[in-house]
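Visitor: Please zoom in on a single part of this model. Then tell me how that part ties in with its surroundings.

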Amino acid sequence: MPSCIPKFECLLGQQIVKLELPVATSFYGTGEVSGQLERTGKRVFTWNTDAWGYGSGTTSLYQSHPWVLAVLPSGEALGVLADTTKRCEIDLRKESVIQFIAPSSYPIITFGPFASPNAVLIALSHAIGTIFMPPKWSLGYQQCRWSYDSDKRVQEVARTFREKKIPCDVIWMDIDYMYGFRCFTFDKDRFQDPKSLVNDLHQNGFKAIWMLDPGIKQEDGYFVYDSGSKTDVWISKADGTPFVGEVWPGPCVFPDFTQAKARSWWSNLVKDFISNGVDGIWNDMNEPAVFKVVTKTMPESNIHKGDEELGGCQNHSHYHNVYGLLMARLTYEGMKLGNKKKRPFVLTRAGFIGSQRYAATWTGDNLSTWEHLHMSISMVLQLGLSGQPLSGPDIGGFAGNATPELFGRWMGIGSLFPFCRGHSEQDTSDHEPWSFGEECEEVCRLALRRRYCLIPHLYTLFYMAHTTGTLVASPTFFADPKDTSLRKMETSFLLGPVLVYASTAVGQGMDTLRCTLPKGIWMRFDFDDVCPDLPALYLQGGAIIPVGPPHQHVGESTILDDATLLVALNEHGKAEGVLYEDDGDGYEFLEGGFLFTHYVAELQSSMVIVKVSKTEGSWKRPNRRLHVQLLLGGGAMVDIWGKDGEVLQLSMPSEQEVSQLVSTSEKHYQTCLENAKRIPAVEVSSAHKGIELSGTPIELKGDDWAIKVVPWIGGRIISMTHLPSGTQWLHSRVDINGYEEYSGTEYRSAGCSEEYNVIERNLEHAGEQESLMLEGDIGGGLVLQRQICIPKNDSKVFRIDSSIIARKVGAGSGGYSRVVCLRHEIGPESNEKFYEGNLLPNGEWMLVDKCLGLGLLNRFDVSQVFKCLIHWGTGTVNLELWSEDRPVSNQSPLRISHEYEVINL
């Protein structure tokens, strides 16, 4: 075992902790992060951020987990936790070196080394707690949309699921159910009788989950604001007055969850709220997110009057990262107050390490792209490796329009994630399973029937996670931590002993994919649902898993259902597995009210003996049939029926018979793949002047620059690669961080999320090496037009000319041009500064990277620029060019022209 003693250094108020490990050590964890599974070469900052449309290089997402799991070349592992709630840099850019940088001082806790990464995570759970025991219905499929804007639309969606026989357990209500976005209220016109709506949903086997945000509208007469003000629960500014920030309802105040009186106030509001029939609560915007500010959150100078046991009175920088965790905890506790016989279900967007004790999470506002489908696997796994086993992405992607192929593939994979929910934002096309044609609908139906067959296994995995701290979904290398070739596998994962192997590439189904399996015995199986768009499933030799019938919702299942065991013998002819059963809700299981069965199988001569080896819990075994399916390889099997609890004896076929069964099964499998009805390869497109807009980023490439543009969401440039130096000057994030323009100064104002049409794309045309013209309708008769080009006569630069143009006669609104979020070595503090008038740069300014000896020079037309803004924060710098704010007419458009060049210093 290596020495695991960190080195400590303090510099300029920052504590730097470094841990050097053996060469070829692999890094994982770091919480909710995008990009690759194995984290060597990456740097992230723990600062909860509203990261709509994040990319693979985004350095701060919605949750913070200052934690690294290190797997040594030998397969042994250790974990390192920086015990700080403040903004923390986790730097893994140097091979086999872990470095934390955060304000002084904070302890470092190491776990291990242990013999396996699984042992590290069990040890971590002893420190931070295990996952809450979820109600069984929460493992079913869940359908969401921003927004199902009326009770009639909710009932229509629920009815369609049942009519089409697509399994589903939950319908979600986003913010539009509220009266003017006021939390704890219902819109009297569109959701007139929430109790009646929920009763109807319950009768049809659905649960209802409703959103609650932390921002409370500042409005006298609104009962939540009035009661909070009376109790004095609001976060205050440095001068002691309540902080007011803009969110969905307009001006809002924010509860200070660090105070006991605020926690009691919120929990009691939740307690009263669930009397409307609320089955679960969705905490969103709880980073906390604030509109119309560059930081997208409240000032770090705000004051929390925290209780002593939490850290006392501190500014916001101390409590920012745990704000979402505290909100989730209080929502969970409020639900328990309201109904002590039901297990709460809370979903939180923001969180901190340990928030799994109270809430599930999802991977935030992702995109309907193949890249985000691919990343979703690694993101779910990283959360599990950081202590949060109940997570999943917005299936199909939240922002943008999925293609039928993308949606079907995503449902095939997403149906096997621990948390399984489809969600999409307003102004996108419908993203229900039946919205993409008959072929995609059938793939979704098969995928979700498969999930429901596996729910007995998934529920058992969650019981194990709750009681022991083991994972639900784990990386493939957990099957053999010593095999370093498995450590970067990103298209497969384990559900206990079940290996899920998928394709995340457009146009490549399972019929053209060759699966790379860990060493040992792996038996392929399916549920008569072979399809190129569904992942392949394998059961590890030596394992037994329970499966069940494909119900339409979890409530259809009963303890008397036939029990089915899938058995894969190991090289010694043995297998074992467990099945956990309880009421699916409530707390009787804590008093022993459950049945936990240990099954074993063993080959004895030519017979396979299957029996119960051990039983835990006070429940008596139900009088039910048991179906044992013995996997032989290639999808072949032999089976036997009997009574659960009795010894079953299954005749093992001869080697020749096994060979014949396997051959026949493999041929049948290939025939099914070949004959499957394919999802049409239709791309989402938007026609303008005869040119179609593809869902694939457009790339412009010259001698010195490679530029990627995504026209379908705000026309952003998401990648600026300088080819000679190999430097990426953008944050690779399809969000505020990325080149874009706005038509006003408000957060996500027009120009930020519209779909842009490609007006013109030229190669080697009109003296330009590459050029692209984009145009987006921003309302009020205005369009935002952008031309991006790499000049043929000067390939060292690339130019951007942007205009707000009036297509109709009359004045519109002014605007400004947001330029670029650049990577830069910068301290952890954040600030911003405007330069205007005499302080305006004289036509150029430059971002310098001293480490690389390079500068990014930005030249602009001084006559077009009214002021410049520089904002620096968590590892990033924003440079912004603002035009004057004035009306726009046909004769007086707004324009900003500028260009970039990388120079050696």
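Guide: Is Tyr669 buried or exposed? In this predicted model, Tyr669 has a relative accessibility of 15%. The cut-off for buried is under 20%, so Tyr669 counts as buried. Tyr669 sits in helix H11. What does Tyr669 touch, once neighbours within four places in sequence are set aside? The contacts of Tyr669 are then Arg524 and Val530.

H11 covers residues 655-675 and gives two or more residues to the lining of the second largest pocket. That pocket has a volume of about 850 Å³. Its lining counts 37 residues. Nearest the centre are Asp526, Phe527, Asp528, Asp529 and Gln629. Besides H11, the elements giving at least two lining residues are helix H10 (438-468) and the strands S29 (522-525), S32 (563-568), S36 (625-633) and S37 (636-643). Arg524, a contact of Tyr669, falls in the range of S29. Which element gives the largest share of the lining? H10 does, with eight residues. By class, the lining holds 18 nonpolar, eight polar and 11 charged residues.

Packing of two helices is described by an angle and a distance, both taken between the axes. From H9, the contact uses Pro404, Phe407, Gly408, Met411, Gly412 and Gly414. From H10, the partners are Cys440, Val443, Cys444, Ala447, Leu448 and Arg451. This contact of H9 with H10 has eight nonpolar residues, three polar ones and one charged one.

H10 has a further link. Tyr459, within the H10 range, touches Gly584. Gly584 belongs to the loop between strands S33 (574-581) and S34 (595-604). Its relative accessibility is 6%, so Gly584 counts as buried. Leaving out residues up to four places away in sequence, Gly584 also touches Pro135, Lys136 and Arg343. Gly584 and Ser138 are 446 residues apart in sequence, yet their C-alpha atoms are 9.7 Å apart in space.

H2 brings Asp151, Val154, Gln155 and Ala158 to the contact, and H3 brings Leu197, Asp200 and Leu201. The residues of this contact divide into four nonpolar, one polar and two charged.

Last, the whole chain. How many helices and strands are there? The chain has 11 helices and 54 strands. It has 905 residues, and 62% of them count as buried; Tyr669 and Gly584 are among the buried ones. Take the contacts between residues at least 6 apart in sequence: 69% of these join residues at least 24 apart.

Definitions and conventions:
Residues numbered from 1 in each chain as written. Predicted model: local features only at pLDDT ≥ 70, side-chain atom pairs only at ≥ 80, totals over all residues. Heavy atoms only, no water. Contact = heavy atoms within 4.5 Å. Helix = DSSP H or I, 4+ residues; strand = E, 2+ residues; numbered from the N terminus. Nonpolar A, V, L, I, M, F, W, Y, C, P; charged D, E, K, R; others polar. 1 Å grid on protein atoms, 1.4 Å probe; cavity = no way out; pocket = protein on both sides within 12 Å on 5 of 7 lines; lining within 4 Å. Points joined across faces, edges and corners; volume = space filled by probe spheres on them. Buried < 20%, exposed > 50% of the residue type's maximum accessible area, 1.4 Å probe, protein only.
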